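User: I would like a close look at one part of this model, namely its sheet and the elements packed around that sheet. Please set it in the context of the whole chain.

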Amino acid sequence: MKYNIYVIAKNKEIFETKKQLLKETNGEKINFIIWVPAVYLKISSENKHLLKDLNTRYNTGKCKILSTLGCISAHRNALLQIWNHKTFNNIILEQDFKFIN
């Protein structure tokens, strides 16, 4: 069985490094590897009011909320790519993944 791997990474350079690592260690098990750009959200006048509507703990900082929403958005983008490619046996990895034996 071969896998399709979607790597969420900050930029193309990090993705290429991770892609090379994946090919070197598991190349025979990989169908293709695709870059999914990481999503970094910032507090703006458009989204500031939305932060009050989120049901979070009283001590959760606004930046932490935005980083979590950015992570969710990046994973959503990866899932949309999987849907568009109509593939099976997919794996979504983040740029800080590590192989453990």
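How many helices and strands make up the secondary structure of the protein chain?

Analyst: The model is a predicted one. Its secondary structure comes to 3 helices and 3 strands, and along the sequence these elements follow the pattern β-α-β-α-α-β.

The 3 strands form an open sheet, in which the order is E2-E1-E3 and the pairing is parallel. Strand E2, residues 30-37, and strand E3, residues 90-94, stand at the edges; each has a single partner strand, so one side of each is left without a neighbour in the sheet. From one strand to the next, the twist averages 20°.

Strand E1 covers residues 3-9, and its parallel pairing with E3 extends over 5 bridges. Within this pair of strands, Ile 5 stands opposite Ile 91 of E3.

Two helices lie across the sheet strands. Helix H1, formed by residues 12-26, lies across E1, E2 and E3 and runs at about 160° to E2. Helix H3, formed by residues 62-85, also lies across E1, E2 and E3, in its case running at about 140° to E2.

Helix H3 and strand E1 also take part in the largest pocket, as each supplies at least two residues of its lining. The volume of this pocket is about 250 Å³. It is lined by 15 residues, and those closest to its centre are Ala 38, Val 39, Tyr 40, Cys 71 and Glu 94. The largest share of the lining comes from H3, which contributes 6 residues. Sorted by class, the lining contains 9 nonpolar, 4 polar and 2 charged residues.

The overall dimensions of the chain complete the description. The C-alpha trace spans about 50 × 25 × 25 Å along its principal axes. The radius of gyration of the protein chain is 16 Å, whereas a compact globule of 101 residues would have a value near 13 Å.

In summary, the part requested is an open sheet with parallel pairing in the order E2-E1-E3. Helix H1 lies across its three strands, as does helix H3, and H3 also provides the largest share of the lining of the largest pocket.

Conventions. Residues numbered from 1 in each chain as written. Predicted model: local features only at pLDDT ≥ 70, side-chain atom pairs only at ≥ 80, totals over all residues. Heavy atoms only, no water. Pairing = 2+ DSSP bridges. Helix = DSSP H or I, 4+ residues; strand = E, 2+ residues; numbered from the N terminus. Axes fitted to C-alpha atoms, helices over the stretch in contact; angles between N-to-C directions. Contact = heavy atoms within 4.5 Å. 1 Å grid on protein atoms, 1.4 Å probe; cavity = no way out; pocket = protein on both sides within 12 Å on 5 of 7 lines; lining within 4 Å. Points joined across faces, edges and corners; volume = space filled by probe spheres on them. Nonpolar A, V, L, I, M, F, W, Y, C, P; charged D, E, K, R; others polar. Rg over C-alpha atoms; globule rule 2.2 N^0.38 Å.
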